[in-house]
2 protein chains.
Amino acid sequence: MAVNLPEMGALAPVPGIRVGSAAAGVRYSGRDDLALFELAPGTTVGGIFTRSAFRAPPVTVAASRLGRARGLVVNSGNANAATGEVGLRDAEQSCALAAAALGCRGLYVLRFSRGVMGLFLPLDGMAAGVTDAAAALAAGGWEQAARAIMTTDTAPKGVSGTFDIGGHRVSATAIIKGSGMIRPDMATMLAFLGTDAALSEGAVQSLARDLGARSFNRLTIDGDTSTNDAFVVAATGRSGTGDEQYDALLAALTPLVVELAERTVRDGEGATRFVTIVVEGGASDEECLQVAYAVAHSPLVKTALFAGDPNWGRFCMAIGKAGVEGLEPDRVSLDLDDVRVAENGLVAPSYTEAAGAAVMRQDEFTVRIGLGRGDCRETVWTSDLSYDYVRINAEYRT
Amino acid sequence: MAVNLPEMGALAPVPGIRVGSAAAGVRYSGRDDLALFELAPGTTVGGIFTRSAFRAPPVTVAASRLGRARGLVVNSGNANAATGEVGLRDAEQSCALAAAALGCRGLYVLRFSRGVMGLFLPLDGMAAGVTDAAAALAAGGWEQAARAIMTTDTAPKGVSGTFDIGGHRVSATAIIKGSGMIRPDMATMLAFLGTDAALSEGAVQSLARDLGARSFNRLTIDGDTSTNDAFVVAATGRSGTGDEQYDALLAALTPLVVELAERTVRDGEGATRFVTIVVEGGASDEECLQVAYAVAHSPLVKTALFAGDPNWGRFCMAIGKAGVEGLEPDRVSLDLDDVRVAENGLVAPSYTEAAGAAVMRQDEFTVRIGLGRGDCRETVWTSDLSYDYVRINAEYRT
């Protein structure tokens with residue numbers, strides 16, 4: 001069902017990182033469901049996490065161990081969420097298993113889980129899984145790991161890049177798992193970016209935050225927020241590029257994570273369209289985002305996107321409920337790609353339904369909303385609400 | 001598709017109000033789509049309206065004419081929304097037509113429209129429709145009017161009651177149109193309540209606000225907000241009951257509008273379940289509502305409701321994203337009817353999936369969430385997210 005999702009190409013190794021995957025039998029059978037990342041000594045790790053009040057135990061563990069780390073251990077199939085003290089102990093125990101395999105202390109391993117919420121993590125297969133994953137550790141293990149962390153994703157998603165920054169060659173590879181329950185500004189889904197840049201603990205944390213703000217925090221599938229979201233950046237320091245090239249590094253890595261964010265929306269649960277929502281002419285970035293999310297989250301807009309119905313009234317409805325103080329409807333405009341649908345709050349004289357429908361028949365297009373209040377502008381990516389979204393989520397546990 | 005929606009019984013006349021319906025050919029053919037209410041001289045009218053910034057022209061007209069009124073004119077099929085100055089002129093012109101038929105000034109007629117947004121109202125049939133509706137005016141015209149104002153409703157919805165208040169017999173009849181795009185606290189859908197109580201302009205406005213707060217502002221289908229919502233109370237003064245019996249009148253009428261609100265959810269677009277969400281143990285009413293709406297609007301919770309899946313994790317997810325400051329997950333509890341699913345933030349020792357599934361297989365049940373923070377409590381009614389919700393809204397204009 002994914003919308004023009006590019007096939008994952010080869011993922012390049014990142015000096016200082018080895019990756020291994022294995023089948024721990026958490027929930028799925030016949031596939032890997034555990035990924036282990038070995039980080040070279042000296043690696044700094046930054047991350048941003050879900051803002052849910054029901055933060056899952058693995059998130060609590062991971063968030064408390066940012067800074068210096070030697071390993072990441074990830075499972076799919078079980079989120080270990082809403083599992084309290086038991087869940088916390090289970091998360092820590094998996095870290096201890098991984099630490100033993102990696103030859104470091106448990107405190108240097110971060111933990112990540114995605115899958116069904118509210119069930120205790122079955123630890124039976126975990127020890128064997130970690131052992132197998134450790135045995136499989138390889139510089140070229142990224143692609144297999146991208147597969148191991150999938151849940152409802154229809155395909156693995158990862159990107160690589162190399163950049164010349166400050167006279168040094170810098171490598172970066174990132175993988176992501178996520179296709180639903182993704183609500184921006186509460187961090188993101190599970191995404192891991194490894195680079196051989198040399199960054200201080202402060203700089204790597206800034207990098208996670210700045211990259212997240214420009215990519216994962218601008219996409220939305222259904223407006224729901226996972227208890228387990230995390231985006232983690234690990235910098236091994238094998239390349240000579242460091243804190244002093246921060247801006248250049250941020251600029252180089254941004255297209256990489258934006259690409260990954262876009263792929264996540266393309267693989268949105270039940271998605272049949274990939275829609276870019278641009279809100280411009282706002283008095284502030286915040287109000288542009290307010291409107292963009294009101295539109296992107298509206299079930300009525302999303303069903304119209306699914307139907308390919310250029311229903312100007314539904315866009316008005318969503319813009320109207322966004323809660324922007326003093327919004328003047330008669331300054332609002334709407335364009336679908338290069339077709340002007342409405343201006344001054346009214347259907348444009350030149351507009352024809354046929355022209356609007358032609359744009360919305362495409363599997364990707366841009367919805368551009370003008371507020372006529374200022375110069376600010378924001379972009380959000382989203383998908384539609386299809387029968388398949390309902391099916392996937394109605395059948396998830398059955 | 002409606003969930004145990006009671007058939008509309010006979011609706012009682014309200015002294016001082018006559019109602020007529022007709023086919024004005026706005027959008028539908030072969031059915032009435034226009035309702036006209038004639039209000040006796042001296043009738044006071046109060047109302048609450050959508051908070052959308054894209055308030056539709058008929059809402060602007062109606063909201064400016066509260067106080068004393070002689071008529072209401074309502075059409076289905078076209079919302080006359082996002083239609084600007086032209087829409088305002090069209091709304092006023094329909095009022096003028098109705099006023100001519102009722103023998104009053106145009107300013108004493110309020111205007112209401114529901115249906116497709118963003119299209120200009122076809123005025124061709126309006127004059128003939130108003131003439132026909134005026135010719136059909138009768139004290140017993142309520143039931144036909146309840147049919148005329150339907151859009152995606154599967155059945156007409158109305159209730160009547162008579163009460164003895166302060167030694168007087170008071171009558172009330174109310175009808176409603178609404179089955180989607182209903183977001184509480186932004187007023188409601190189109191609902192009209194007529195009573196023969198004698199109320200001042202101030203009291204009738206308080207009554208509309210107080211009744212709305214206890215009924216229509218506590219239900220949600222999809223979290224979307226119409227540009228055209230309105231709830232109007234007309235008090236003809238034919239009964240001797242007046243302002244001094246306000247509290248008794250409010251108490252008597254509340255069950256009537258709660259019943260109407262519940263029926264609206266039962267007739268929610270694509271609804272297969274009628275779910276009452278109770279949030280208790282909150283530190284404030286506001287945070288109880290915040291949690292209740294976060295749960296009621298979550299697509300993942302709504303698809304679980306559709307599937308009959310007692311997915312405790314999804315409830316956690318929605319509670320967690322509600323934005324309640326300092327919420328402690330380990331004080332949260334969840335009950336499905338009388339089955340304790342979770343307590344202290346964890347699945348309850350006594351809980352079995354079979355017991356939870358048995359509750360959720362029913363077509364109506366109560367989700368009770370305890371926050372463990374205080375004594376406040378709020379209730380919201382909602383429906384599920386089904387294939388039919390997607391179908392109805394994907395096919396709406398086609």
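Predicted model: local features only at pLDDT ≥ 70, side-chain atom pairs only at ≥ 80, totals over all residues.
Residues are numbered from 1 along each chain as its sequence is written, chains are lettered from A and ligands numbered from 1 in the order in which they are written, and side-chain values use heavy atoms, with hydrogens and water left out.

One helix pair joins the two chains: helix H8 (residues 299-307) of chain A packs with helix H11 (residues 387-394) of chain B at an angle of about 70°, with their axes 8 Å apart. Helices here are DSSP runs (H or I, at least four residues), as strands are (E, at least two), numbered from the N terminus; axes are lines fitted to C-alpha atoms, for helices over the stretch in contact, and angles run from 0 to 180 degrees between N-to-C directions. H8(A) and H11(B) are therefore roughly perpendicular to each other, given that angles under 35 degrees count as roughly parallel, over 145 as roughly antiparallel, 65 to 115 as roughly perpendicular and the rest as oblique. In contact (heavy atoms within 4.5 Å) are Pro299(A), Leu300(A), Thr303(A), Phe306(A) and Ala307(A) of H8(A) with Tyr389(B), Val390(B), Asn393(B) and Ala394(B) of H11(B).

Within chain B, the axes of helix H8 (residues 299-307) and helix H9 (residues 312-320) come within 9 Å and cross at roughly 150°, which makes H8(B) roughly antiparallel to H9(B). Leu300(B), Val301(B), Thr303(B), Ala304(B) and Leu305(B) of H8(B) meet Arg314(B), Phe315(B), Met317(B) and Ala318(B) of H9(B).

Within chain A, helix H7 (residues 285-297) packs with helix H9 (residues 312-320) at an angle of about 130°, their axes 8 Å apart, and this makes H7(A) oblique to H9(A). Val291(A), Ala294(A) and Val295(A) of H7(A) make the contact with Phe315(A), Ala318(A) and Ile319(A) of H9(A).

Aromatic pairs, over all chains, number nine, where rings of Phe, Tyr and Trp (its six-membered ring) pair if their centres lie within 6.5 Å, and planes under 30 degrees apart count as stacked, over 60 as edge-to-face and the rest as tilted. The rings of Phe37(B) and Trp142(B) have centres 5.4 Å apart and planes at 70°, so this pair is edge-to-face. The pair links distant parts of the chain, with Phe37(B) in strand S2 (residues 34-39) of chain B and Trp142(B) in helix H4 (residues 142-148) of chain B, 105 residues apart.
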